[in-house]
Amino acid sequence: MKNSVTQAKIVYLFGAGATHAELVNLYPEKITDPIFLKKNGLLMGDVSKRVCIRAKDEKYFSKRTLKLFSSAGLSNIELFISLLEKNEIKSDEIIERLKELIKKDILKRLTPSNRKKFYLHKSLFEFHLKKKKREKLLGIISLNYDQVLDDAYRTIIRKDPNYCLSLEEPKEIPLLKLHGGFGLPYRGKELPIITPGINKNYLELPYNFIWGRALELLIECDILRVIGCSLSQNDLGLIDLLFKAHLAREQSLKIQMITFDPKNNNIKENYGFFPDIETAFKIEGDLISDPTIDDPSKGSNPFQVWLKAKFERMMTHSEIIKTKYVKKVLI
């Protein structure tokens with residue numbers, strides 16, 4: 001009698017670090033270059049600083065608003081927007097301009113030429129198609145506004161993503177963009193993006209559908225893999241979503257953090273109410289052996305490192321050579 005293989009049910013949560021990983025994967029020699037990162041980095045800190053500088057140069061801010069800024073600059077433009085909205089400062093036009101600057105800044109770095117060369121997300125989808133008997137991909141949750149995940153979905157799944165913008169039960173793997181996305185259509189218009197933090201916009205249509213479906217996925221899955229996201233405490237909506245799922249489950253939510261894992265990593269203490277968090281070096285025992293992900297200054301790429309280790313463990317040579325994108329990660 002053959003031993004049955006347990007099929008793990010997987011959900012992914014992608015943050016800005018996943019998109020940033022694609023960009024620096026194209027330019028590995030520049031991964032620690034401060035000038036390159038200042039001009040091109042896609043982490044929200046880099047985006048925020050560029051957007052804030054441009055907004056000041058173009059005189060978007062009133063004298064009253066300018067007084068709120070320190071001389072060190074601003075590295076969290078999303079939180080700032082949320083605070084403006086929450087405190088009802090007369091700044092609707094400023095908020096919309098800032099969101100438009102965020103869009104322009106990110107898309108300027110995600111050129112069609114660059115996006116065509118990206119393959120980390122595509123390799124992950126390809127892996128799940130090959131190994132679906134071992135791991136069932138229930139869905140993808142994204143905090144990103146860009147189309148990198150969407151591109152990978154269409155390339156590998158060969159269908160348009162199901163964004164769950166209605167109550168209709170998804171027939172395909174859902175791609176849930178919790179904060180919306182650039183160019184995402186809804187009822188004949190472009191769906192406005194929302195910023196994370198203290199706002200409650202996710203209670204409105206169609207975000208209530210998106211967040212509700214995300215909660216269902218988190219309750220149903222065996223493992224949540226968090227890629228390129230630090231689970232910022234600024235995003236109270238996201239943390240509340242994870243906590244609601246944790247409370248509703250029979251077993252604790254297993255969270256695998258696929259990001260840098262420093263020696264003084266205190267995420268388990270910061271989120272002590274999630275007892276089953278695995279930092280990168282603890283995922284699946286000794287899955288990741290590359291020591292460089294303990295420090296961003298060493299020029300490592302945790303997303304790429306995890307993909308390589310995962311593919312090498314779970315795929316045979318004959319499976320790998322038949323792929324298009326998985327084998328690129330392993331070169």
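These legends describe close-up views of one predicted model.

**View 1. An open sheet is built from 6 strands.**
The strand order is β3-β2-β1-β6-β7-β8, and the pairing is parallel. At the edges stand β3 (175-177) and β8 (277-278). Each has a single partner strand, so one side of each is left without a neighbour in the sheet. Strands of a sheet pair through backbone hydrogen bonds, either parallel or antiparallel.

**View 2**
Look for Q256, which stands opposite E278 in β8.

**View 2. Helix α10 packs on the sheet.**
This helix spans residues 207-220. It touches β1 (8-14), β2 (135-142), β3 and β6 (223-227). The directions of α10 and β3 make an angle of about 125°.

**View 3. Strand β2 pairs with β1 and with β3.**
β2 is largely enclosed by the rest of the structure, because 7 of its 8 residues are buried. With β1, β2 pairs in the parallel sense over 7 bridges. Here A8 stands opposite E135 in β2. With β3, the pairing is again parallel, over 3 bridges. There S142 has K177 of β3 as its bridge partner.

**View 4. S142 is a buried residue of β2.**
How accessible is S142? Its relative accessibility is 1%. Buried means under 20%, so S142 counts as buried. Which residues does S142 touch, leaving out those up to four places away in sequence? They are F14, L149, L175, L176, K177, L178 and H179.

**View 5. Helices α8 and α9 pack together.**
Two packed helices are described by the angle between their axes and the distance between the axes. Helix α8 covers residues 120-130. The angle between α8 and α9 is about 40°, and their axes are 8 Å apart. That angle makes α8 oblique to α9. Their crossing is right-handed. On the α8 side, the contact is made by H121, K122, F125, E126 and L129. On the α9 side, V148, L149, A152, Y153, T155, I156 and I157 take part. One of these, L149, also touches S142.

Methods:
Residues are numbered from 1 along each chain as its sequence is written. This is a predicted model: local features need pLDDT of at least 70, side-chain atom pairs count only at pLDDT 80 or more; totals for chains, interfaces and linings use all residues. Side-chain values use heavy atoms; hydrogens and water are left out. Two strands pair if DSSP finds at least two bridges between them. Helices (H or I, at least four residues) and strands (E, at least two) are DSSP runs, numbered from the N terminus. Contact means heavy atoms within 4.5 Å. Axes are lines fitted to C-alpha atoms, for helices over the stretch in contact, and angles run from 0 to 180 degrees between N-to-C directions. Buried means under 20% relative accessible area, exposed over 50%, partly exposed in between (1.4 Å probe, protein chains only). Angles under 35 degrees count as roughly parallel, over 145 as roughly antiparallel, 65 to 115 as roughly perpendicular and the rest as oblique. A crossing is left-handed if the near helix is turned anticlockwise from the far one by less than a right angle, and right-handed if clockwise.
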